Amino acid sequence: MAVIPFILLVIASFSDNQWVMANGISFFPKEWSTSAYAYILNEWGTIGRAYLMTIIVTVIGTVLSVLLTTTLAYALTDKSLPGVKILSFLCIFTMLFNGGIVASFYVWVNVFNIRNTIWALIFPNLMMNAFNIILVKNYYNSSIPDSLKEAARIDGAGEIRIFTQIVFPLSKPIIATIGLMTAIAYWNDWTNGLYYLTERNGSQYYTIQLVLNTINENISFLASHAGQSGAISVADIPSTTVRMAIAVVGVIPILIAYPFFQKYFVKGITLGGVKE
């Protein structure tokens, strides 16, 4: 049931646009066409650069997010740490309440000055997630015995060494889990670019989702104004099928990466979701 929509998506992207507009999307189209992908290839100079930018943003954002999440979660497992209850409360609080879009926009733009920079795609909204912190914290508590850490302390190991040489290597399932979820969030994100990048000064930082959305909007504009020009007709614009092709182009990297993380993803969710 989950795969069927993807199959329909791919078939629709290779269907003839005029036939689709007349008969609707079907698993068995009578006319096939690659015009939607030809349209995207004509824009590949822009799309290729956006793919590279998306990869850079996804890698940097995921690495920073995993680093911050795992270290904070490790600190929260130490009940003797001063202020640990306050930190835990703040994590839960941010799951329920936030400052809102207007306040957040003002802070990021006027205080941190990240507008029209690559950091606008990395820092806001995605880098820290309270749900991920709780998952990792529960994994530490349920899967890594305190006796192991105590033995390391007796042997003279500090907290940094315990975390890097014992806790972190033993946490591959949960790290792969939050890493995959964070990477998907970064890959699919376009709201940060919408809020913090302008076409005049920030277009060089456009990610694949932003570029594909722009192409989609341009096609909608052309299709809506096609009748006003004798040089172009609605039938010449793959307005319906190109949307399907855009979706295929955007989702392929995630479909390729997911099988490599699947076993860790399932194990990490199972163990990390256990209540203390």
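Let me start with Thr58, which is in contact with Ala183, Tyr186 and Trp187, leaving aside its neighbours within four places in sequence. Contact here means heavy atoms within 4.5 Å. Before going on, two sentences on where this comes from. This is a predicted model, in which local features need pLDDT of at least 70 and side-chain atom pairs count only at pLDDT 80 or more, while totals for chains, interfaces and linings use all residues. Residues are numbered from 1 along each chain as its sequence is written, and side-chain values use heavy atoms, with hydrogens and water left out.

Back to Thr58, which sits in helix H4. Helices are DSSP runs of H or I with at least four residues, numbered from the N terminus. Is Thr58 buried or exposed? Thr58 counts as buried because its relative accessibility is 10%; the cut-offs are under 20% relative accessible area for buried, over 50% for exposed, and partly exposed in between, with a 1.4 Å probe and protein chains only. A polar atom of the Thr58 side chain lies 2.7 Å from the backbone oxygen of Thr54.

Now the cores. A nonpolar core is a set of buried Ala, Val, Leu, Ile, Met, Phe, Trp, Tyr and Cys residues joined through side-chain atoms within 4.5 Å. In soluble globular proteins, nonpolar side chains tend to be buried together. The largest core here has 34 residues, and those touching the most other members are Ile40, Ile47, Val57, Ile208, Leu212 and Ile215. Two or more residues each come from helix H3 (35-42), helix H4 (44-76), helix H10 (172-188), helix H12 (208-225) and helix H13 (241-272). H13 provides the largest share, six residues. As for Leu212, leaving aside neighbours within four places in sequence, its contacts are Ile47, Ile246, Val249 and Gly250. There is also a second, separate core of 20 residues, with Cys91, Tyr140, Ile162 and Val167 among them.

Glu150 belongs to helix H8 (residues 146-154). Glu150 counts as partly exposed because its relative accessibility is 42%. Its side chain makes a polar contact with the side chain of Arg153, at 3.1 Å. A polar contact is a pair of N or O atoms within 3.5 Å; within protein, one must be able to donate a hydrogen and the other to accept it, and residues adjacent in sequence count only if both atoms are side-chain atoms.

Next, the spaces. On a 1 Å grid over the protein atoms alone, a cavity is a set of points where a 1.4 Å probe fits but cannot get out; a pocket is an open set with protein on both sides within 12 Å along at least five of seven lines; and lining residues have an atom within 4 Å of a point.

How many cavities of 30 Å³ or more does the structure hold? One. The largest cavity has about 40 Å³ of space, and its lining is Val57, Leu121, Tyr186, Asp189, Gly193, Thr207 and Leu210. Val57 we met in the largest core, and Tyr186 as a contact of Thr58.

The largest pocket has about 540 Å³ of space. Its lining counts 20 residues, and Thr94, Asn98, Asn125, Leu126 and Met128 are the closest to its centre. Helix H5 (84-96), helix H6 (100-111), helix H7 (130-143) and helix H11 (191-196) each give two or more residues to this lining, and H6 gives the most, with four.

The second largest pocket has about 380 Å³. Of its 17 lining residues, Glu199, Tyr206, Leu210, Val211 and Thr214 lie nearest its centre. H11 and H12 are the elements giving two or more residues, and H12 gives the most, with seven.

Most residues other than glycine have a negative phi. Asn113, however, has a positive phi near 55°, and Asn116 has one of about 60°. Asn113 counts as exposed, since its relative accessibility is 54%. Asn116 is buried, because its relative accessible area is 18%.

Terms used: Points joined across faces, edges and corners; volume = space filled by probe spheres on them.
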